[in-house]
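Subject: Structure handover and notes

Dear colleague,

Here is the structure for your files. My notes follow it; please read them with the coordinates open.

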Amino acid sequence: MVTKKNVIIPIYGYALTIIIFDNWEDLKNHVPDHVFESSSLGVVLNDFGRGLVAIQYGAESTIAHESLHIVENIWRYIGYDSIEGNNEVGAYLLTYIFEQIKKVYDKHRP
């Protein structure tokens, strides 16, 4: 089973597809074939200005891990280099992304 939601990250205009899945094979119709070269608890795909994050239900801590990858993808998309010693902007963005993923995660019930 898959639970899916599309969101736009405000300010940055980054389109993000969030997928929560039960089994790795559930992603077959949602991600490119090359993703299946190895299984994982989560994956982030990025295509300039849009991305996809997929997280296996039951691996809740993976949300934080994958959220950081999304933040880094957004920084590359907008051409931003984080300021050493001042990660507040990134921390707020990471929190927002985490919360968006967590909402979908909480709606998913295998």
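Glu 72 counts as partly exposed because its relative accessibility is 34%; by the cut-offs used here, buried is under 20% relative accessible area, exposed is over 50%, and partly exposed lies in between (1.4 Å probe, protein chains only). Glu 72 sits in helix α1, residues 62-78. Helices (H or I, at least four residues) and strands (E, at least two) are DSSP runs, numbered from the N terminus. From Glu 72 to Asn 87 the separation is 15 residues in sequence and 12 Å in space, C-alpha to C-alpha.

On provenance: this is a predicted model, in which local features need pLDDT of at least 70 and side-chain atom pairs count only at pLDDT 80 or more, while totals for chains, interfaces and linings use all residues. Residues are numbered from 1 along each chain as its sequence is written, and side-chain values use heavy atoms, with hydrogens and water left out.

Helix α1 also holds Asn 73, which counts as buried because its relative accessibility is 5%. Not counting residues up to four places away in sequence, Asn 73 touches Tyr 14, Val 44 and Asn 46; contact means heavy atoms within 4.5 Å.

Strands

Two strands pair if DSSP finds at least two bridges between them. β1 and β2 are antiparallel, with eight bridges, and Val 7 is opposite Leu 16 of β2. Their hairpin has four residues between the strands. Ile 11 lies in that loop between β1 and β2, and its phi is near 75°, a positive value in a residue other than glycine. Ile 11 counts as exposed because its relative accessibility is 84%.

β2 pairs with β4 as well, in the parallel sense and over seven bridges. Thr 17 is opposite Leu 52 of β4, and Phe 21 has Gln 56 as its bridge partner there. β3 and β4 run antiparallel and are joined by six bridges, with Val 44 partnered by Val 53 in β4. In the β3-β4 hairpin, two residues lie between the strands and Gly 49 has a positive phi near 90°.

β2 is largely enclosed by the rest of the structure, because seven of its eight residues are buried. β4 is likewise largely enclosed, because six of its seven residues are buried.

Cores

A nonpolar core is a set of buried Ala, Val, Leu, Ile, Met, Phe, Trp, Tyr and Cys residues joined through side-chain atoms within 4.5 Å. The largest has 19 residues, of which Ile 9, Leu 16, Ile 74, Ile 97 and Ile 101 touch the most other members. At least two residues of this core come from each of β1 (2-9), β2, β4 (50-56), α1 and α2 (88-107). Another core, of eleven residues, lies apart from it and includes Ile 19, Val 31, Phe 36 and Val 43.

A buried charge

Asp 22 lies in the loop between β2 (14-21) and β3 (42-47). Asp 22 is buried but has no salt bridge, the nearest side chain of opposite charge being Arg 109, 9.4 Å away. Here Lys and Arg count as positive and Asp and Glu as negative, with His and the chain ends not counted; a salt bridge is a side-chain nitrogen of Lys or Arg within 4 Å of a carboxyl oxygen of Asp or Glu. The Asp 22 side chain does make a polar contact with the side chain of His 108, at 2.6 Å. A polar contact is a pair of N or O atoms within 3.5 Å; within protein, one must be able to donate a hydrogen and the other to accept it, and residues adjacent in sequence count only if both atoms are side-chain atoms.

Regards
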